[in-house]
Amino acid sequence: MREARTEVALAVGGGGAGAMSARGVAVLLSWLSCCGLAVWRYYSKSPDYRIFTTRSIIRLEYDGTLFIEWSVPETCTVLDKRFPVTELRCPSPGFYAVKPIVIGPDEEERYLFVAISNTCFLWYYRVRYFFNNLTQSIIVWAYDPENADPEELLGSAEKPSISKGRRSNLAVWTENEIYLGYILLKFARFVTTAQLKTILNLPVATTLTIHSVQYTGHPLEIAVFLNYCITCTVTKKIFLVIYNEDTKQWILQDLPLDAPIDSVFFPHFMFSALPGLILWNKHSVYYYYNNFTFTGILQTPAGHGNLSMLSNGSIIHEVLIDYYGNVLVKMENNVMFYSKINIGDAVRLHLWISNTTKAIIFLNTSGLMYFLYVFDDDLIQTEDYPLNLEAKSITLRTKDSCPYMAFHNNIAYVFYFLDKGEALTVWAQIVYPENNGLYVIMESYGPKILEVRHNISFEVAFGYCTKTLLLTFYQKINYEGTDDYFGMQNNNTGLVLIQVRPSEYSKACSVPQKVFQIAVGCDNKKFIAVKGFSKKGCHRHDFSYVIEKSYLRQPLSKNLKVRYNWKEYGCPLRLEFTEKFHPVVQLFDDNGYVKDVEANFIVWEIHGRGDYTFNNTMAQSGCLHTAQTWDSMIKLNEHLPLEEVWGPENYKHCFSYGIGKPGDLNQPYEIINSSNRNHIFWPMGHSGMYVFRVKILDPNYSFCNLTAIFAIETFGQIPSSSVYLVASFLFVLVLLFFTLLVLSYFWYMRIYRQYINEPLHKPPRKQKTN
């Protein structure tokens with residue numbers, strides 16, 4: 001940071017030696033205004049910088065006039081390094097040198113420490129007092145600083161803010177603020193004109209107001225039209241900035257339009273891949289096609305861009321674009337002009353309604369036009385309008401012809417979903433008279449996340465040419481072994497608009513184009529299940545079971561009691577001790593079974609049991625170094641719960657000498673797939689209930705976190721003891737028997753000898769007589 005600091009003493013009154021002259025003050029203030037404070041700062045959305053991690057958005061701000069651009073490390077990403085106010089993200093922890101590059105002496109660089117932490121949310125609470133009954137209501141919630149409302153960050157929120165990651169469906173605005181609406185009519189302030197001045201790098205002294213807000217043809221974009229002026233007396237400029245709700249980025253479009261200060265414009269965006277719109281005021285229609293590369297004012301054959309001059313001074317009442325690309329301009333006196341998208345001229349249609357009838361034009365559910373008449377007696381009447389027939393009638397006089405005979409394609413849907421490893425193939429074909437030189441082109445708009453293979457075939461027969469364009473959309477990103485798995489996934493997901501169309505348009509035929517969307521990411525309609533398991537067809541009864549503490553992966557001080565959850569676990573499969581079990585994982589969607597999963601997956605007992613193993617060893621599986629195991633992954637991620645220690649984000653295979661370390665390859669290999677014949681087998685000394693969760697481990701299989709749960713109950717007779725144990729037991733019994741036998745022999749011999757030496761019956765003793 002470079003600062004100019006000067007202490008100034010100002011005196012009022014007599015001109016003593018310590019007082020600074022007025023000229024001196026003027027010189028000092030002039031110097032300060034020239035070389036004033038040049039500082040740069042950084043901010044975090046987390047209050048008191050409590051969360052400053054790899055997930056945080058760091059806002060950089062340079063306050064001065066000598067700025068060129070930001071100097072940041074290559075491992076970090078900056079929104080736009082040329083703006084004095086921008087955003088920085090560093091996906092890995094560590095110290096990062098950041099400084100602004102300026103004209104003149106170098107600015108001092110800061111070393112920003114970015115930590116790694118699982119703490120993403122902060123606590124917030126509000127207390128409401130009810131004095132009538134002396135009670136309190138306490139509202140407690142957690143919020144994400146990166147997506148919170150300003151009121152939450154400032155500590156003034158009264159209720160939780162609305163999950164900003166969701167797409168808005170409504171926009172309201174004033175001259176200086178825009179609010180976006182979400183489900184249940186929840187609104188949040190989106191942006192202010194003061195913030196837009198900073199985003200667009202406009203001078204603070206200029207006047208900037210919001211003209212209108214419109215959703216574009218892209219589902220995730222919002223267009224903001226701005227009035228910009230300096231003196232604001234005669235003319236103004238109309239600016240257009242587009243905000244993407246997915247990337248959170250603003251794009252200034254090439255639409256500087258000079259207009260009278262009191263003029264009002266009405267925009268309409270078309271459903272097309274490349275951004276395109278028409279904009280009209282009272283007298284003229286402005287078009288901006290093909291991402292603002294084909295622009296102008298809609299002209300009539302007479303060379304007029306002012307449609308009022310050709311309709312007896314009437315002004316434009318409404319402009320309507322149907323699903324087929326027809327553009328209809330209706331004046332207040334019911335004079336109508338016809339054009340098509342990507343065409344810069346218009347023709348006046350035949351009169352259909354008298355100029356005194358009040359009429360409004362609509363589209364019905366089939367995409368056809370009809371009029372709604374309103375009469376003076378409050379009578380309302382509808383009438384279909386044959387636009388195609390009327391257009392052909394008028395274009396026949398202008399000798400406008402259709403350049404092609406037919407346009408076919410196999411694009412059946414407006415929306416397609418692509419997950420990892422999937423591809424989408426479409427084709428479009430155009431038939432036209434020979435030597436016309438038409439061809440089919442493909443245009444896309446959105447993040448560059450898809451690869452495209454083109455294949456064009458050409459055929460000529462009987463004076464007609466047929467061109468067919470074959471397109472295959474796919475991804476070739478390898479997510480395995482990356483240090484920033486989730487960051488890569490976020491950068492390679494999004495929504496792309498694709499438009500397939502011929503190279504030429506004409507008012508004499510329908511618009512030959514197809515616009516469809518490809519979403520790349522997790523399709524939440526997908527799910528997996530293990531074959532042979534169901535949540536129906538078994539007798540349900542409440543029960544609990546006990547897992548002996550010694551059977552747990554991390555032993556507890558006492559046995560673990562588990563209540564069986566039928567709704568979540570489903571029906572258990574009963575297996576004998578001797579039966580090995582190989583799970584077969586299947587993929588499903590809304591339509592049912594799709595295919596068997598061939599990718600690698602892992603299983604674990606959700607209550608922490610570790611008394612099971614796998615029959616394949618690492619060596620048998622072809623490993624060249626020790627593979628990942630549950631024990632090793634738990635040791636590496638002790639701070640995480642069991643279900644998060646191992647997954648596609650940190651999976652590394654064992655089939656390369658360049659990855660991992662050598663070790664004991666006779667350990668069990670704990671990764672399963674459909675072809676490696678790896679089985680789970682059970683302890684033979686006891687039965688048990690096992691509740692497993694399965695997770696797809698292959699990082700290139702799906703953007704979704706695909707998991708399923710299943711339960712297995714083992715049973716069988718307790719096996720006989722070992723021969724050595726039986727022999728030892730029998731030896732002890734025999735030894736005890738002979739010991740007792742010997743002891744009894746000596747005992748009875750002692751008794752026998754005693755009775756041999758002493759007669760059994762002694763004669764009675766004689767008594768003496770006196």
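**Starting from Cys465**

Author: Let's start with Cys465: the closest cysteine sulfur, in Cys402, is 15 Å from its own, which is too far for a bond. The bond in question is a disulfide, a pair of cysteine sulfur atoms within 2.5 Å. Before going on, keep in mind that this is a predicted model, where local features need pLDDT of at least 70, side-chain atom pairs count only at pLDDT 80 or more, and totals for chains, interfaces and linings use all residues. Residues are numbered from 1 along each chain as its sequence is written, and side-chain values use heavy atoms, with hydrogens and water left out.

So where does Cys465 sit? It is buried, at a relative accessible area of 5%. Buried means under 20% relative accessible area, exposed means over 50%, and partly exposed is in between (1.4 Å probe, protein chains only).

Now for the cysteines that do bond. The disulfide count is six. If you number the bonded cysteines along the chain, the pairing reads 1-2, 3-4, 5-6, 7-12, 8-9, 10-11.

Take Cys76 and Cys90: they are joined with an S to S distance of 2.1 Å. The angle about that S-S bond is 105°, a right-handed link. Cys76 is in the loop between β3 (67–71) and β4 (77–78), and Cys90 is in the loop between β5 (85–89) and β6 (94–102), so the bond ties together parts 14 residues apart in sequence. (Helices, H or I with at least four residues, and strands, E with at least two, are DSSP runs numbered from the N terminus.) Both partners are buried.

Cys229 and Cys232 are joined too, with S to S at 1.8 Å. Their link is right-handed as well, with 90° about the bond. The two ends sit in contrasting places: Cys229 is buried at 9% relative accessibility, while Cys232, at 25%, is partly exposed.

Then there's Cys623 with Cys654, whose sulfurs are 2.0 Å apart. This one is left-handed, at -50° about the S-S bond. Cys623 belongs to the loop between β44 (613–614) and α7 (630–636), and Cys654 to the loop between α7 and β45 (680–681), so parts 31 residues apart in sequence are held together. Cys623 is buried at 6%, and Cys654 is buried at 2%.

In soluble globular proteins, nonpolar side chains tend to be buried together. A nonpolar core here is a set of buried Ala, Val, Leu, Ile, Met, Phe, Trp, Tyr and Cys residues joined through side-chain atoms within 4.5 Å. The largest one has 41 residues, and Ile528, Val603, Trp682, Val694, Ile696 and Phe710 have the most contacts inside it. At least two of its residues come from each of β37 (527–530), β41 (585–589), β43 (601–605), α7, β46 and β47 (707–715). And Cys465? It turns up in a second, separate core of 29 residues, which also includes Tyr479, Val500 and Ile518.

Ile696 lies in strand β46 (residues 688–696) and is buried, with 5% relative accessible area. Leaving out residues up to four places away in sequence, its contacts (heavy atoms within 4.5 Å) include Ile528, Val585, Phe601 and Leu706.

Most residues other than glycine have a negative phi. Asn201, not a glycine, has a positive phi of about 60°; its place is the loop between α3 (193–200) and β13 (207–215), and at 47% it is partly exposed. Lys248 also has a positive phi, near 60°. You'll find Lys248 in the loop between β15 (235–244) and β16 (249–252), partly exposed at 36%.
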